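Got a new structure on screen and want to know how its helices fit together? Let's walk through it.

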Amino acid sequence: MNTYDAAYDLARAIKESDEMKRLTAAAEKIKGDEEARKMVKEYIMAQMKADYAKLAGQKEDEDSYQHLAVLVSNNSNAQEYLQAFIRWNQVAADLQKIVSDAMAQGMDVLELNKQ
């Protein structure tokens with residue numbers, strides 16, 4: 001099996017997946033809804049900041065995050081996009097793990113993760 005052909009097959013499967021179709025359709029909806037698009041961007045940024053704060057052992061600002069969550073829940077386009085975005089991120093993480101594990105095969109002899 002040619003790995004390049006398999007990679008192109010995977011790319012095609014990603015583009016044709018239900019998750020990508022949902023994300024693309026939701027993205028089209030918020031392109032025409034400036035308020036939803038702004039909310040989505042703010043929500044994703046707040047989520048990233050909260051995640052980074054948690055990783056750094058800092059207290060996260062839950063008030064602004066909760067406020068954004070309420071706003072998003074009241075906008076169907078923003079809510080639809082974020083649900084599709086979250087689902088796609090999970091699929092992408094799963095795919096990344098599968099491919100990374102396969103690519104790491106044979107490198108375990110180097111014991112790179114051991115100190």
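Predicted model: local features only at pLDDT ≥ 70, side-chain atom pairs only at ≥ 80, totals over all residues.

Residues are numbered from 1 along each chain as its sequence is written, and side-chain values use heavy atoms, leaving out hydrogens and water.

Q: How many Å apart are the end C-alpha atoms of helix H1 (residues 3-16)?
A: Helices here are DSSP runs (H or I, at least four residues), numbered from the N terminus. The expected span is 1.5 Å times one less than the number of residues, so the 14 residues of H1 should span 20 Å. The model agrees, with the end C-alpha atoms apart by 20 Å.

Q: Which residue caps the N-terminal end of H1?
A: Look for a side-chain oxygen that lies 2.7 Å from the backbone nitrogen of tyrosine 4. A polar contact is a pair of N or O atoms within 3.5 Å, one able to donate a hydrogen and the other to accept it. The capping residue is asparagine 2.

Q: Are H2 and H5 roughly parallel or roughly antiparallel to each other?
A: Axes are lines fitted to C-alpha atoms over the stretch in contact, and angles run from 0 to 180 degrees between N-to-C directions. Helix H2 (residues 18-31) and helix H5 (residues 76-104) pack at about 150°, with axes 9 Å apart. Angles under 35 degrees count as roughly parallel, over 145 as roughly antiparallel, 65 to 115 as roughly perpendicular and the rest as oblique. H2 and H5 are therefore roughly antiparallel.

Q: Which residues of H1 meet Asp18, Met20 and Lys21 in H2?
A: The axes of H1 and H2 come within 5 Å and cross at roughly 50°, which makes H1 oblique to H2. Contact means heavy atoms within 4.5 Å. On the H1 side, the residues are Ile14, Lys15 and Glu16.

Q: How many nonpolar residues does the contact of H3 with H5 have?
A: Helix H3 (residues 34-55) packs on H5 at about 40°, with the axes 9 Å apart. The contact uses Ala36, Val40, Tyr43 and Ile44 of H3 and Asn77, Ala78, Tyr81, Leu82 and Phe85 of H5. Ala, Val, Leu, Ile, Met, Phe, Trp, Tyr, Cys and Pro count as nonpolar, Asp, Glu, Lys and Arg as charged, and the others, Gly among them, as polar. With 1 polar and no charged residues, the nonpolar count is 8.

Definitions and conventions
Helix = DSSP H or I, 4+ residues; strand = E, 2+ residues; numbered from the N terminus.
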